Amino acid sequence: MRLGTLAFLLGILLCQTLSHLPDIRWTVLLFPLIILVWKLPRYRLVFFFALGLFWAMWRADMILAQKLPPDLEGQDISITGTIIDLPVQNAYGWKFYFAPIPSRKWPNPSLMRLYWNYPTKSLRPGQQWQLTVRLKRARASINPGNSDYSKWLFQHKILATGSVRSKSEQHLLSQSSPYNIDNLRYHLAESMQKALGEHSSASLIIALALGIKRGISKTQRNTLQHTGTAHLMAISGLHIGFIAWFVFGAARWFWSFTGKAALWLPAPRFAALFSLSTAFCYALLAGFSLPTQRALIIVIVAISGIVFARKVAISHISALALLMVLLWDPLSVLSAGFWLSFGAVTVIAYALSNKREQKISPLSKWGLSTLKTQWAVTLGLFPLLLAIFGYLPLNSFLSNAIAIPWVSFWIVPLTLLGTAMILFLPTLGSILLQISADTLDFVMVSMTWLENFDGSVWQWTIPPLWTIIVAMGGIIILLLPRGFPGRWLGILWLFPLFFIPFPYPQHGQVWFTLLDVGQGLAAVVRTKNYVLVYDTGPKFSEKFNMGDAVVVPFLRTQGIRHIDKLLISHGDNDHSGGVQSILETLSVDKILTSATQKIEKIFTKIPKKLTDTKVLSCQTGQHWQWDGVDFKILHPPNDYFAKKRNDYSCVLKVSCVGGSILLPGDIEKRVEHRLVQRYQTDLKADILIAPHHGSSTSSTKHFLNAVQPSIALFSTGYRNRFKHPRKKIVQYYRHQKIDFWNTTQTGAISFRLLASGISAPNLARKEMRHYWYD
């Protein structure tokens, strides 16, 4: 069973590495393979592997078949469907998920994510609407190192995004059913928010009870991540398992007093069935999201041994739970939560199997076992945490030792009890929720205190995959029983995580990457010993920006933890939106910008003191050299005045033996003309970042004739509302016989300027191709 499950998992993983799905007709082999598994046990592992591959192929093809037809993109169409999950309202309108019913134009529709600026009525889960929408296929930025949002959308079966056309008529066809589970969750969340008021931990309590995390602030989220306790705010196997265990104990005690009924149905079986029912209801209350489903399956498998009166080894329970999860949702392997969940379960199972019996009191035995288990999980998961997040919370062991008992044995029971009573006995429910929130406040104060210790979070790079695999082998050796000879050798297996050097340019070379940040700009220029980041992409909300989602992960995959110069061309959000996240995460020597006031205002929002970071105005004439590479600021002059903010953009030229790059920001025709007049032939560059994303206000013929680029790069968003790059501008570049690429089609674009010339482009969407990419 264990090896068969592992082979099944490997088959599913192979499917996720494919750039295109094989012919779906191969999946007809699923049923013959199931028979062969039992008829030819000698080759069982091979058959399990093939079953995993074909099972994942079939499920993936079912989702891809729901793609939005290309001819419907960008068109106003009428759809009818139901709002699912809980709509989110912000200052700009509503965001919600919509399940349309099949129509003649789209016979097999997927789920979609919609935005509605000015709805005619408040949106509620379960409402049925007829809407006029404008849709596009779901896409996300593709960059080395960043979490692939298109993968998340695909896993959640969301293949289209769009907006409701406010000027068209929209019709509410029916209100939510009172029995709709999401509607119940919505009313519970409202009641809980009313009971807790402005309590600082209100959003965390709602997340614990209902799995609704939208109210958690960025500060709270960072504190949980930096102390390794974020898993406690998820409806995880820990919480569902605790509820099942608590209900099991109570139900068994109650049923043992029922007399003859206990002879007909033994108390352990009754308690197991009752606890499973409770766990299922809790999962429904939490929205039955994919992580919740995974946690519920693990609990069901674990308790099934009691129902069927079987004593099963924990390793077999873990393997069976893994198999059930993979059968239920083979695409769960695409999420980090899957690997962290089963990584923790596997480490615990392995640690317990190596445990030696000790003659001590039961209480001491329980405490020692708990500490050893926590230590095993902390040690066992740190390679995965490093691979996923690029940092390690060194206070994780102590933080979890404090938080887990309080959250699991006090806060969660009180929260669930208060939630159950809030609709029927609101006064008592409010009291219980207040007590729970006050206790959680105490826990969060402790976590914040631990987070603020110097060195509590160890920022590192994202290591290569092979070093993670080798490190996991070292963890297995380190967790062997005490007294096992050579256990210390496991430490050597961890060394590649920290001591394998990353590649870097040689003297006089430039490695340049234009990152894919949607409708915005962010680029990285590297020399042998220095790093310059030009712009940081847009900020979409307080919780999401491209600095945090794209720039920082990319730098970590390159082994970069320090930025020598951060150049912010101007103050527009699509160029400066990620500044705060970068400053909070990485060390920065100097910031050059034409928007000094905006940057200094950002400094006031950052918790840590940035005493070593200097902010300077970029001005014509600034010049420096790194490792034989010249950097020159061409614009704006000192005391420059312009009517348009775009014309304040800092223009940077980078030159080396192998070629030159011109980064003009969002300059428009007026500044282009000024640059041509002032620099003439000195403006020439091999690679040009198209000014203002290819807007019709830029890229004049005189400017292109002066620059004479052989390569032009556009940084735009898919089907953006500005229609960048404009067709007329693209024709200019084509007429000049300039090779050009657009991050919308290619993802991140990388060039190496070597002594021999400019390398061929490395296109992320091609190099990192997966079958779920559009």
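I started at L586, which sits in the loop between α21 (579–585) and β15 (587–593). Helices and strands here are DSSP runs, H or I of at least four residues for helices and E of at least two for strands, numbered from the N terminus. The model is predicted, so I noted its limits: local features need pLDDT of at least 70, side-chain atom pairs count only at pLDDT 80 or more, and totals for chains, interfaces and linings use all residues. Residues are numbered from 1 along each chain as its sequence is written, and side-chain values use heavy atoms, with hydrogens and water left out.

Is L586 buried or exposed? I found L586 buried, because its relative accessible area is 3%. The classes are buried under 20% relative accessible area, exposed over 50%, and partly exposed in between, with a 1.4 Å probe and protein chains only. I also checked L586 against F288: the two are 298 residues apart in sequence and 37 Å apart in space, C-alpha to C-alpha.

**Strand β4**

I went to β4 (residues 128–137) next. Strand β1 (residues 76–90) runs antiparallel to β4, and seven bridges join them. Two strands pair if DSSP finds at least two bridges between them. S78 has T132 in β4 as its bridge partner. I then looked at β5 (residues 158–164), which pairs with β4 in the antiparallel sense over five bridges. There K136 stands opposite T161 in β5. Strand β6 (residues 171–174) also pairs antiparallel with β4, over three bridges. Here W129 stands opposite L172 in β6.

**Salt bridges**

I counted a salt bridge where a side-chain nitrogen of Lys or Arg lies within 4 Å of a carboxyl oxygen of Asp or Glu. How many salt bridges does this rule give? The count comes to 10.

R719 forms one with E73, with the closest N and O atoms 3.7 Å apart. This pair links distant parts of the chain, 646 residues apart: R719 is in the loop between β22 (711–714) and α25, E73 in the loop between α3 (44–64) and β1. R719 counts as partly exposed at 43% relative accessibility, whereas E73 counts as buried at 9%.

K218 forms a salt bridge with E584, the closest N and O atoms being 3.8 Å apart. K218 lies in helix α7 (residues 218–226) and E584 in helix α21, so this pair ties together parts 366 residues apart in sequence. K218 is partly exposed at 22% relative accessibility, and E584 is partly exposed at 23%.

R645 forms a salt bridge with D572, with the closest N and O atoms 2.6 Å apart. R645 lies in the loop between β18 (629–635) and β19 (651–656) and D572 in the loop between β14 (562–568) and α20 (573–576), so the pair ties together parts 73 residues apart in sequence. R645 is exposed, with a relative accessible area of 52%, but D572 counts as buried at 15%. I also noted one network, in which salt bridges that share partners join D76, R134 and R165.

**Surface charge**

Which residues gather in a patch of positive charge on the surface? I listed K669, K723, R726, K727 and K728. Patch residues have over 30% relative accessible area and no salt bridge; like charges are joined within 9 Å, and nonpolar side chains (Val, Leu, Ile, Met, Phe, Trp, Tyr) within 5 Å. K728 lies in helix α25 (residues 727–735). K728 counts as partly exposed, because its relative accessibility is 46%.

Definitions and conventions. Accessible areas come from the Shrake-Rupley method with a 1.4 Å probe; for residues, only the protein chains shown count as cover. Lys and Arg count as positive and Asp and Glu as negative; His and the chain ends are not counted. The place of a charge is taken as NZ of Lys, CZ of Arg, CG of Asp or CD of Glu.
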